[in-house]
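This report covers strand pairing, helices and salt bridges. Please keep the structure open while reading.

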Amino acid sequence: MAVEASPKTAALARTRTGRRQLSDGAIMNLFIWPTLILLIAMNVFPLFYSLYLSFTNFVVTANKAPVWIGVNNFVDILTTEQMWQYFATSGKYVVLSVGLQTIVGFTLAMLVRSKFRGSGVITTLILVPMMLSPVVVGLFWKLMYNPIFGFFNYLLGFMDPATGPDMIASRFGATQVPGLALLAVVLVDVWMWSPFVMLLVLSGLNAIPDYLYEAAAIDRASSWFQFWRITLPQVMPLLLIAVLFRTIEALKSFDLVMGLTGGGPGEQTELIAVHLYREAFAGQFRTGHSSALAYIILIIVIAVSNLYIRYLNRAKGEG
Amino acid sequence: MSKKLFTFLSLLMTLSMVLAACAQPTAAPAQPTAAPAQPTAAAAEPTAAPAVSGAGVKELKILWAQWDPADYLQQLAKDYETATGVKVTVVQEPWGTFSDRFTTGMAAKGTEWDMVVGDSQLIGTGATSGWYVDLTDFMKTTGLGDSVTDATKKYYGEYPAGSQKYWAFPTEGDADGWAYRKDLFDDPKEQAAFKAKYGYDLAIPKTYQELMDIAKFFTRKDQGLYGVAIYTQKDYDAITMGVENTMFPWGGVWQNDKMEVMGVVNSQQNIDALQFYRDLYDCCQVPGLSNAFYNETNDAFLGGKAVMAMNYFAFFPALSNPKTNKFAAGTSFFPNPAGPTGGRGAALGGQGISVISYISPERQQASLDFIKWFGQDDTQTKWAALGGYTCNKKVLQSDTFMKAQPYNPAFAETMTFVKDFWNIPAYAQLLTVSQAEFSKFVVEGQGTAKEAMDNIAAQHDKILREGGYIK
C-alpha cells in the first residue's frame with residue numbers, strides 16, 4: 001500500500017538528497033580552502049613578501065618602489081659590529097633568563113607536587129604572573145624597582161636611595177654596575193615565566209607511575225638516586241618542551257623590555273628584537289633592512305629549536 | 001605522499017611569489033647596485049594647493065596626538081562650525097602610537113584624515129614622500145607666513161632648511177623650560193643660607209652655573225628633596241631633547257651650513273654641554289628618574305621631590321593647577337638659562353598643521369580654508385585663551401597673553417631662541433644614535449663626554465653619507 005508523503009517529509013528528503021550531492025571531497029575542500037586562503041593571505045604571503053623585501057632597499061614611507069640590492073642588507077647586518085653586540089646581549093639574556101626559569105620552575109614544581117592543605121590555591125597564585133600582560137608587568141616592575149618608593153629595595157633592606165641599587169639605571173648608590181639593568185629585566189622575566197616551566201614540569205611529575213618509586217624504595221635507593229634516575233629522566237621531555245618554548249620567546253622578547261627599560265640605559269638591554277622594532281618602525285621604517293634582520297632572527301630561532309628538538313627526541317628515545 | 005606534499009608546497013611558494021610580485025607599488029627596475037642616495041630636496045612631486053572650491057565639503061578630520069591642546073583645538077573648531085557649517089573633528093591618537101599610526105596611514109596613501117598636526121621632525125619625510133600639500137604660495141597669499149614668529153615658521157613648516165618652501169602652518173608652539181618651587185626660593189631662611197654659601201642672591205637662575213648651584217643647594221637626600229628632574233628616557237627622543245637644552249646655550253649645533261657633522265657634533269661646546277648635563281644628573285637628579293620623560297619629571301615635581309623640573313611648556317598646566325599640584329600656589333616658571341658665554345637656546349617641541357595630499361582637491365581647499373581661519377589674529381587670540389600655545393607674533397607680545405598663565409612670559413621668551421634636531425627623512429636613524437650614546441654616558445655612566453660626542457659624530461656622518469645628504 002502506497003503512502004503519500006507529507007510536504008514536510010518531501011522537503012526533508014529533498015534536503016537529504018541535496019546534501020548527498022556534495023561529495024566527501026567537496027565538503028573537505030569547503031572546510032580546507034577558506035582556511036588555506038586565509039593562511040596564505042595572512043601568513044604565507046607576508047612571509048615570502050618580506051623575504052623579497054629583504055633583498056631590496058624598500059622604505060615603506062618613502063613612496064618609492066623597492067629596488068633590488070641583492071644580499072647587501074644581509075652583508076651589512078652581519079658585518080656591523082653593533083649588530084653582533086645586540087645578538088650577544090640577546091644571547092646573554094636568553095641563557096640567564098631560561099636557565100633561571102628552569103631551575104626556579106623545577107623547584108616550584110617539586111614543592112607543590114605533593115598535595116597539602118591549600119596546595120591548589122598556592123599553585124593557582126603562582127601561575128598569576130604568567131597570565132599578565134608583559135607591558136603591564138614591565139611598567140609595574142619599573143615602579144617596584146624605584147629606589148625611593150619601590151618594594152624591591154625595601155625588601156633588600158636598602159632604605160636610603162643614595163646607597164641602594166637603582167636597577168634600571170644600572171647603578172648601586174653612586175657606582176655604576178654594568179649589567180645590572182639587564183639583570184633587572186632577567187629577574188622580571190624569571191618572575192613572570194617560571195610558573196610556565198613549573199606547570200609543564202608538574203604535569204610530567206604527576207605522570208610518573210608510583211610503582212617506579214616503590215621499586216626504588218624496596219631497593220633502598222636514596223632520594224638523590226630516585227631523583228636522578230627516575231624523576232629527572234621521566235620529566236625531561238616535558239622540561240625540554242618548556243625550555244624550547246621559553247627560549248623561542250626569550251629570543252623574541254620585546255614588550256617587557258620596552259615597558260621596563262626601553263632598551264637602556266645606553267644599549268645595555270637593547271635586545272635584537274627591540275632593535276628590530278626600532279628599524280622597522282619608530283620613525284625609521286627601513287623595511288628592507290629590517291626584513292633581512294627579521295629573517296636572520298628567524299633562522300637563529302629555527303636553528304636553536306632544531307637543536308632542542310633533536311635533544312628532545314633523544315631524551316624520548318627516538319633519536 | 002611526500003611527492004604530493006612537495007607539489008603542494010611548490011604551488012604555495014609560487015603563488016606567494018606571484019602575489020609578492022603583484023604587491024609591488026610600481027614596477028621597479030632591477031638594479032643590482034647599492035641603494036641609491038636619498039636626495040635632500042623633495043623627491044616626490046609636490047602637490048600644489050588646489051584651485052577649486054571646498055564649499056561642498058561638510059566635515060573635515062584632523063589627526064593629532066592625544067593631549068590637552070588637541071581638546072582645545074576641538075573646542076575652537078566648534079566656532080568654525082558655527083561660522084561655516086563645516087564640522088571639524090580632531091582625531092586623537094596616544095603619543096606612543098601617534099607617529100606609527102600616521103606614517104603607516106600615509107604609506108597606504110590613506111584619506112582617513114584631511115589634515116595632520118605633525119611633529120616638526122616629520123616635515124622632511126612628509127615633504128619628500130609626497131604626503132603634504134605644498135603651502136608655500138598659500139602662506140604668502142594669505143599673509144599667514146608673516147603672522148607667526150620666524151623660528152616657528154622655520155622649524156614647524158620649512159623643508160629643506162633655508163629653502164623657504166613650507167609644508168605646515170605653525171600650530172602648537174612648544175619648547176622646553178623649567179618649573180620651580182617659588183615658595184622655597186622665596187623663603188627668607190633659604191635665601192640667607194644660599195647667599196652665605198654662594199655669595200649671591202637665590203633667584204631664578206640667569207646662567208646654567210647658577211642653576212647647578214641652586215640644584216646642589218636644594219639636594220637634601222635626608223629630606224627626600226632633590227635639585228632637579230631632567231629628561232633621561234632612551235625610548236624615543238627625551239634624553240636628546242634634554243641634552244639639547246644645554247647644548248644650544250653652550251653654542252653647540254648638530255650640523256653646519258653644509259650639513260657636515262664631523263668637528264661640529266663633537267665640538268668642544270657640545271662636549272662641555274654634555275658633561276654639564278651628566279654632572280647635573282649625578283649630583284641632583286631625583287633617584288629613580290633614570291628613564292624619565294615629561295610624565296616622570298612632572299610627577300617628581302608634583303610629589304615634592306624636585307625643586308626644579310625640566311619639561312615642555314605644554315605640560316606645565318598640570319603644575320599651575322591647584323587641583324593637580326598641591327604646591328601650585330608656590331610654583332613658577334623660567335626659561336632655559338644662558339650658557340657659559342651668554343648663549344641662549346632650548347629644544348623645540350610643538351607641531352605644525354599640514355594638509356594631506358591624498359585627499360580630493362575639494363577637501364584640500366576646504367582644509368586650507370580652515371587653516372586660513374585658524375591663522376587669523378582673532379582666532380589665535382582665542383586659541384591662546386583656551387590654552388593653546390600660539391605662534392602668532394601679535395598674540396605672543398600682547399599683555400593679555402603674558403598675563404593669561406604664569407608660564408606664558410617664559411614661553412614667549414623661549415620661542416625667540418628655540419632650535420630643533422634634524423628634520424630630514426633620516427632623522428629617526430640619527431636620533432637612535434644620539435639617544436643610545438647620551439643614555440650610555442649620562443645614565444649608565446660609561447665613557448667620557450668626548451667619546452660619546454665622537455661616536456655620535458662618526459655615526460651621524462656615516463648615516464648622512466649613506467643617505468646622500470653629504471658627499
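## Strand pairing in chain B

Strand E4 (residues 115-119) of chain B pairs with strand E12 (residues 351-355) of chain B. The sense is antiparallel, over five bridges. B:Val117 stands opposite B:Ile353 in E12(B). Two strands count as paired if DSSP finds at least two bridges between them. Helices (H or I, at least four residues) and strands (E, at least two) are DSSP runs, numbered from the N terminus.

This is a predicted model: local features need pLDDT of at least 70, side-chain atom pairs count only at pLDDT 80 or more, and totals for chains, interfaces and linings use all residues. Residues are numbered from 1 along each chain as its sequence is written, chains are lettered from A and ligands numbered from 1 in the order in which they are written, and side-chain values use heavy atoms, with hydrogens and water left out.

## The sheet and its helix

E4 and E12 belong to an open sheet of five strands in chain B, in the order E3-E2-E4-E12-E6. Pairing in the sheet is mixed. Strand E3 (87-93) and strand E6 (169-172) of chain B are the edge strands, each pairing on one side only. From one strand to the next, the twist averages 30°.

Helix H2 (residues 68-84) of chain B lies across E2 (59-65), E3, E4 and E6 of chain B. It runs at about 170° to E3(B). Axes are lines fitted to C-alpha atoms, for helices over the stretch in contact (heavy atoms within 4.5 Å). Angles run from 0 to 180 degrees between N-to-C directions.

Helix H2 (residues 24-53) of chain A has 30 residues. Its first and last C-alpha atoms are 41 Å apart, close to the expected 44 Å (1.5 Å times one less than the number of residues). A kink of about 45° is centred on A:Ile40. The bend is the angle between axes fitted to the seven residues ending there and the seven starting there.

Buried residues of H2(A) include A:Leu36, A:Ile40 and A:Phe45. Buried means under 20% relative accessible area, exposed over 50%, partly exposed in between (1.4 Å probe, protein chains only).

## Salt bridges

The whole structure holds 24 salt bridges over all chains. Each needs a side-chain nitrogen of Lys or Arg within 4 Å of a carboxyl oxygen of Asp or Glu.

B:Asp79 and B:Lys382 form one (3.4 Å, N to O). The pair links helix H2 and helix H16 (residues 377-386) of chain B, 303 residues apart. B:Asp79 counts as partly exposed because its relative accessibility is 30%.
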